[in-house]
Amino acid sequence: MSNRPDKHLRAQLPIPDVPKPGLTTYDAKDPDTKYPPIEPLRPPEGAPNVLIILLDDVGFGASSAFGGPCNTPAFERLAAGGLKYNRFHTTALCAPTRQALMTGRNHHSVGMGNITETATAAPGQNSLRPNTKAPIALTLKLNGYSTAMFGKCHEVPVWENNPMGPFEHWPAGGGGFEYFYGFIGGENNQWDPALFEGLTPVEPPATPEEGYHLTEDLADHAVNWIRQQKALMPDKPFFVYFSPGATHAPHHVPKEWADKYKGQFGHGWDKQREITFARQKELGVISQDCDLTPRHAEIPAWDDMPEELKPVLEREMEVYAGFLEHTDYHVGRVIDVLEELEILDDTLIFCIIGDNGASAEGTLNGAFNEMANFNGLAALETPEFMLSKMDEFGSPSSYNHYAVGWAWAMDAPYQWTKQVASHWGGTRNGTIVHWPKGIQEKGGLRNQFGHVIDVAPTILEAAGLPEPVFVNGVQQSPMEGTSMLYSFNEAAAPEQHEVQYFEMFGNRGIYYKGWSAVTKHRTPWLMVGQKMVAFDDDVWELYDGSKDWSQARDLSKEMPDMLHKLQRLWLIEATKYNAIPLDDRQVERIIPELAGRPTLIHGNSQLLFPGMGRLSELSVLNLKNKSFSVTAEIEVGNKPAHGVIAAQGGRFGGWSVYAKNGTLKFSYNVLGIHEFTIEATEPISQGRHQVRMEFAYDGGGLGKGGTVTLYYDGRLVGNGRVDMTQAMIFSADETLDIGYEAGTPVATDYTTHDSKFTGKIHWVQLDAGQDDHDHFIDPEERLRIAMARQ
């Protein structure tokens, strides 16, 4: 940081342009014609480059930098040149952590009490960042930083995740990033992702067969952007946010990386926690008197797992470990370019190893397709099925996740996992800070309590920038985090972040001056049908962190007065930051009508046109658990009709109306496990036709089957059965496309690359929950009715 005075008034952003009075001459050639030089906006002298690295779903006990079994040499190298923070915390879930990180405010304060897909109308849960809480990227950009983001953005409200926006909450819209390359949403297929560059959908530059992987692609783009930025603007600092989707499920990684860990996890998760615990004490990342917390009854012991399933369980962990090491390698490439450009010493790096604890959303047995659990269909993945797929885990044919026991092991030495905001297993993430020009000690440890809301204030203090009072004319509320800069060069400095509430799905806790009071309300892996107790009946625990590092010794019965004091404090803080009302619903909140959030589509009909695509699941008509139809006006030329007319989802779940060898077909794919295909009895003739698929739902509950009928111009040409359907979600990353299919194919008898429809599509209409049997309407009348319904 420089001591030179800054000539800009930076409390109001954008910084107002102030004209400088002086002599105005009539003729520019007059020798008295003088103007001050144009000076590009820059931050105060000495402001560092800033790089935030945020990994996904990595527990405290996963990375070797914090004692875990997954080799992460890049993280270890960063730590050797900087500081490890071993009491740094997240919110227990991805989107809330990211919104808190980018704003310096608590997640409910910025509307992100949960993920965007489960937003409600409540102010703390609506997924809308108030314009009174500008993100740090915008603040830095308006102060003269170059800004770029690479990877996962899970902060866009679902009704704004569509080609028409609005884009106020997108990284390259109102988020403050001048460049964005990555994906919008909670997770993505690492082999075949749905990518955006800026606001524009783009396809991956290569295929899985050609060696493509998302993490490598993100690192390529980050490296190239940093090189170009320094080549063109060497005096201008940058802010880069590198947030790969790794290691969120699906755990996709080249086989050779997973094979590095072959045979290393046969001892199981109970033993793995003991091994990790011992390493953590050797490294000093936990206290020497720390206790290893015991396994809860809800998590099965390794010895109690079926013997025939254990090879699959081992492979799940081998794949995950390879995935994390692979991610570390590509993060290392981004760090390498800073060294190559000789700017590493002048770059403030926050490496946050996980946006929450390890994920226990993969069921007790793990999953070949994690969407099975989200649809209440985990039972379809029997041990026999899992064994048959063991060699495919991590490959493009999988959408895999590991077992709950492995997530618990990766959160050693703490209790619980991701989503459980009450306990450190859900919220404590190993973090490394590296800044040689600002940090004197190398390889140090810091025990001060920290939280993701502390990162933005730290960046501003390091850059010599004030918190803005106004941004784009809107008065700003103060940041709620505390700068960590005080601890950079004072290992024993008293911690300044003294109180912090936590809440997620009703799991809640409070930290206050070393003490914590917590209550676990909901179990993460029980997605459907979990019986919830009343919030007032939750059992609270009390821990003294000055003597009990891992929340192992509950003092609630011994010190009820202290427990009550902290319970009251939780209520005060939760009320202050919009965490009230509590909401423990989970999968039910995916349905907009139940959740109370906006939806793009109103009524029971949606008209679509050729070329429309990459439409997220929540931006199109909901066709689940009801009868529906797909009607299209098409023209067939000299060649037989071939290709997709309309498709939603992909290889791991969805439906498709398409033509194959001239004949209309309908495919319903349940989780990539069952595919039901109905084919017309005759080809579509040349000329203009209306083709239609009707699905008559059996009813009687969620996820039931139905009868399919196919029509050409109102004439019955085929029928068949779909024995079961997906009740809640097709995919977290696949989309609806008209006239082609992006991503992976729904049906097994075509590929994405030959999915483009060979004829002409005039329009496609989706209708849901209809009882009418008017199979043919004149095209102009159909269009008129469809437009009226919009």
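**Strands, helices and cysteines**

Analyst: Five strands make up an open sheet with antiparallel pairing, in the order β25-β24-β23-β22-β29. The model is a predicted one.

User: Which strands stand at the edges of that sheet?

Analyst: An edge strand has a single partner strand, so one of its sides lacks a neighbour in the sheet. From one strand to the next, the twist averages 10°. The two strands at the edges are β25 (674-679) and β29 (736-738).

User: In β25, what is the bridge partner of Lys665?

Analyst: Strand β24 covers residues 663-670. β24 and β25 run antiparallel and are joined by six bridges. The β25 partner of Lys665 is Glu679.

User: Turning to β18, how many of its residues are buried?

Analyst: Strand β18 spans residues 515-519 and is mostly covered. Trp515, Ala517 and Thr519 point one way, and these are buried. Ser516 and Val518 point the other way, and they are buried too.

User: Which residue stands opposite Ala517 of β18?

Analyst: Look to β17, residues 507-512. β17 and β18 run antiparallel, with five bridges between them. Opposite Ala517 stands Ile510.

User: Which residue in the hairpin of β17 and β18 takes a positive phi?

Analyst: This hairpin has two residues between the strands. The phi in question is near 45°. The residue is Lys513.

User: What stands opposite Ser516 in β19?

Analyst: Strand β19 covers residues 541-544. β19 pairs with β18 in the antiparallel sense, over four bridges. Opposite Ser516 is Tyr543.

User: Among the residues of the α1 and α7 contact, how many are charged?

Analyst: α1 brings Pro73, Ala74, Phe75, Arg77 and Leu78. α7 brings Asp328, Val331, Gly332, Ile335, Asp336 and Glu339. Six of the contact residues are nonpolar and one is polar. The charged ones number four.

User: How many disulfides are there?

Analyst: A disulfide needs two cysteine sulfur atoms within 2.5 Å. For Cys94, the nearest cysteine sulfur is that of Cys153, 11 Å away, and Cys94 is in no disulfide. Cys351 is in none either, with the sulfur of Cys70 nearest at 14 Å. The count of disulfides is zero.

User: Is Cys351 buried or exposed?

Analyst: Buried requires under 20% relative accessible area. The relative accessibility of Cys351 is 0%. Cys351 is therefore buried.

User: And Cys94, buried or exposed?

Analyst: The cut-off is again under 20%. Cys94 has a relative accessibility of 3%. Cys94 therefore counts as buried.

User: Where is Thr276 placed?

Analyst: Thr276 has a relative accessible area of 0%, so Thr276 is buried. The element that holds Thr276 spans residues 268-283. That element is helix α6.

User: Leaving aside neighbours within four places in sequence, which residues is Thr276 in contact with?

Analyst: Contact here means heavy atoms within 4.5 Å. Sequence neighbours within four places are set aside. The contacts of Thr276 are then Gly61, Gly67, Gly68, Pro69 and Ala412.

Terms used: Residues are numbered from 1 along each chain as its sequence is written. This is a predicted model: local features need pLDDT of at least 70, side-chain atom pairs count only at pLDDT 80 or more; totals for chains, interfaces and linings use all residues. Side-chain values use heavy atoms; hydrogens and water are left out. Buried means under 20% relative accessible area, exposed over 50%, partly exposed in between (1.4 Å probe, protein chains only). Two strands pair if DSSP finds at least two bridges between them. Axes are lines fitted to C-alpha atoms, for helices over the stretch in contact, and angles run from 0 to 180 degrees between N-to-C directions. Ala, Val, Leu, Ile, Met, Phe, Trp, Tyr, Cys and Pro count as nonpolar, Asp, Glu, Lys and Arg as charged, and the others, Gly among them, as polar.
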